[in-house]
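Thanks for making time, everyone. Let me put the chain up on the screen, and then I'll walk you through a few places in it.

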Amino acid sequence: MTARWKTLPLRLRLFISFGTVLAIAMFLALYLQARTHSQARLDNLLNVELPAQVEGLATRINLRLSPALAVSESLANSYFIEQWVADGLPEAQQPDIERYLSRLMDQLDTELLFIAAQTQGRGVYFQYRDGEFLQRPLQSPGGDDDWYYQFTDSRASYNLNLDSDTFSPEEAFVFLNFRSSGTAANGRPSVVAGAGLDLSRMAQLIRDYRLGETGRASILSAEGAFLITSNETNISELQAQETDTLLRQDNELHVTDIERDGDHYYVTTRWLPELQRYLMVEVSKEEYTTSIRQRFLSSIELGLLLLVAGLALLYPLTGSLIRPLNRFQRQLKEITHSLDLSRRVETDDRAELGDLADQTNQLLERLSRAIAAVSSNALALTQVADRLAQTAGLSGIQGGDIHHEANQTMAAAVEEMASSVAEITSTMEELSTSSTQIADHSQSVVDVANQTLERSRKGSTAMQLLQAKMQDIRSDSEQSLAEIMTLGAKSKQISKVMELINTLAAQTKLIAFNAALEASSAGESGRRFSVVANEIRRLADSVTDSTQEIEGHTDDIQQAINRLVVASEKGATSIEQGVEASISTAQDLEALLKAASQTSSAAQQISLSTQQQKTASNQVVIALRDIDTASARNAHSVRSITEISQDMVQMSAELNALVQEFTLEEHGTAPPHQQRPS
């Protein structure tokens, strides 16, 4: 891209550059203006217009509620009503009550008035509407009158209840509930009274509200439930996070940005203490940004027209700016084509271009002097080249004969000497290789001898250890034989004890037999003794059988001990023979160790000699290689000198031809002064 840009004409590059800067500046100004206007418009909406609209709507709602609140409070705390309730609701005073309620309704534009009274242990609900005074008993908790019990239990001075008329269930009202200061016997207020406002009127006020094209209003409960909304409302419920932000029971306005189905809305809420509800107003953010966007597009269209007009004026202006530069370029191009260094550049510009012309003329003057100096030095270069050629042995040779003559000169002789040195070096390298192989083999012999010596030492150590172990085995064998003999003696003692036990068992059996005979002769009294005698005899038989079995096992043990004694004696003999053999082997290994030590010493001496021979051969080879390298460098230097002399001869000829192409000032004339119109 940069290379392509540099190939464009200067006029076109200036035009594109100025136009780009102008366009960027214009679009940046338009963007900043649109952004500033957009921010100011949104700030005015959030800080001025939207709060003013919410406050105005809240004021209109409060104006509708204020008279009803005053009348409702007056009705609940009316001494006349409280006295009527305290008297037990006498029917004779009912016409006066109706006239009193009628006067209140004339003061207030409301649909109905109601009274919930507690008297003589019962609750009665009265309603005055359209000149008709209706009554019914208050229902128990859990019925249609739950609002009454919830209000009286809450201890609040008043509240608003959205409910239907019990006498006309199809109609919805906003009931303003106030309590009296007096209480009945059951602890509840003696009178709860107030007005019922037609919900449709308040709902119509909310539905008719408009802010721009998309601004709508809604009434929300204290918990955030939507009670009254417009049919065109875009937000029908609030999320938990939005509820925490918007629903706060204070006098401040709370504004937040809420997204629904990809559209953004500004939502503001205000707590209405008289209504005990929230007033919410929503407006689409897109409605305001669209007008700003349209204004920005219009500004862009106007800016494009101005940009086109500016570019139309800019193109001829750039032509007039670069016209002196074009003249300068043409003059310099003519000097370049003609190589006439006596000419100078002319211009009527007195700024940077004029300074450039002065510097160019000075350059041409210095170049003219430099070419003249080169021309005078070209002859000296030719003479130097001739002397160098004579040094290289090329004297008197011209043209194509120079190369042939160079092959017969000093360079060829130096190359032949280098070739001879290379052959000697190759022979010495082969000799060095043989010495290296001999040294390597001798080192291998040393390694084998060392390994043999090490193995012999390990074998001698192992044989000494084996000899010690054989002595231990012989001692253990003798100790085992003694213990076996002791075990045989013990088994013989066991046999004697078993014979004694057999004798005692036979005598016990005989005594038991005699006791049985005596018991049988004793008759009935000796029968029990006879049983004991039989058991003793049976026990003696059992002992006899057990001793016989033990004697059998004892005999087996004695036979096994005898066999073990014989085997141990044979093993002792074998162990003694093994000890004698290990001693003999140890002596042989000692002799082998001495021989291996002598062999290792001899091999190391041989290896040392071969290593010294190898080092000497390597040193000779290195010296010959240095000589070979030096000879090659000398040959290369001589060859380079020959080539340089050839190049210098050719260069001097070419330089003379090149200098002849320039047109220089005549010798002795002063350089012309720069030509610039005054």
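Predicted model: local features only at pLDDT ≥ 70, side-chain atom pairs only at ≥ 80, totals over all residues.

Before we go anywhere, one term: I'll call a residue buried when its relative accessible area is under 20%, exposed when it is over 50%, and partly exposed in between, using a 1.4 Å probe and counting protein chains only. Also, helices (H or I, at least four residues) and strands (E, at least two) are DSSP runs, numbered from the N terminus.

Residues are numbered from 1 along each chain as its sequence is written, and side-chain values use heavy atoms, with hydrogens and water left out.

Okay, helix α5. It runs over residues 146-154, and its buried residues are Trp-147, Tyr-148, Tyr-149, Phe-151 and Thr-152.

Let's zoom out for a second. The chain has 12 helices and 11 strands, and of its 678 residues, 34% are buried. When I say contact, I mean heavy atoms within 4.5 Å. Take the contacts with a separation of 6 or more: 64% of them are between residues 24 or more positions apart. As for surface, the chain exposes about 40,900 Å², with carbon and sulfur atoms supplying 54% of that. Those areas come from the Shrake-Rupley method with a 1.4 Å probe, and for residues, only the protein chains shown count as cover.

Next stop, helix α3, residues 79-86. Which of its residues are buried? They are Ile-81, Trp-84 and Val-85. Looking down the axis of α3, these fall within an arc of 100 degrees, so they line one face of the helix. The arc, by the way, is taken from the directions from the helix axis to the C-beta atoms. On the face turned away from that buried side, you find the exposed residues Tyr-79 and Ala-86. And what covers the buried ones? The cover includes α2 (10-76), α4 (94-107) and the strands β1 (112-119), β2 (122-129), β3 (132-137) and β6 (191-198).

Stay there a moment and look just past the end of α3. Gly-88 has a positive phi of about 90 degrees. Leu-89 has a positive phi too, about 60 degrees, although it is not a glycine. Leu-89 sits in the loop between α3 and α4, and it is buried, with a relative accessible area of 11%. Compare Asp-130, another non-glycine with a positive phi, this time about 55 degrees. Asp-130 is in the loop between β2 and β3, and it is exposed, at 66% relative accessible area.

Now for the core. By nonpolar core I mean a set of buried Ala, Val, Leu, Ile, Met, Phe, Trp, Tyr and Cys residues joined through side-chain atoms within 4.5 Å. The largest one has 53 residues, and Leu-57, Ile-61, Leu-75, Leu-101 and Leu-279 touch the most other members. Helix α2 gives the most to this core, 13 residues. Domain 1 (62-197) and domain 2 (202-232 + 245-295) both contribute, so the core lies between them; the domain bounds come from an automatic or database assignment.

Who does Leu-57 touch, beyond its neighbours within four places in sequence? Its contacts are Leu-205, Ile-206, Tyr-209, Ala-217, Leu-279 and Val-281. Let's follow Ile-206, which belongs to helix α6 (residues 199-207). Ile-206 counts as buried because its relative accessibility is 0%. Leaving out residues up to four places away, its contacts include Leu-57, Ile-61 and Leu-279. Leu-279 also turns up among the contacts of Thr-268, along with Leu-50, Val-54 and Met-280. Thr-268 is in strand β10 (residues 263-272) and is buried, at 1% relative accessibility.

Last thing, from the records. An unreviewed UniProt entry annotates residues 12-32 and 302-322 as "transmembrane region"; annotations like that may be inferred rather than shown by experiment, the positions are in the numbering used here, and feature names are shortened. In the model, residues 12-32 are 100% helix, with end C-alpha atoms 30 Å apart. Residues 302-322 are also 100% helix, and there the ends lie 31 Å apart.
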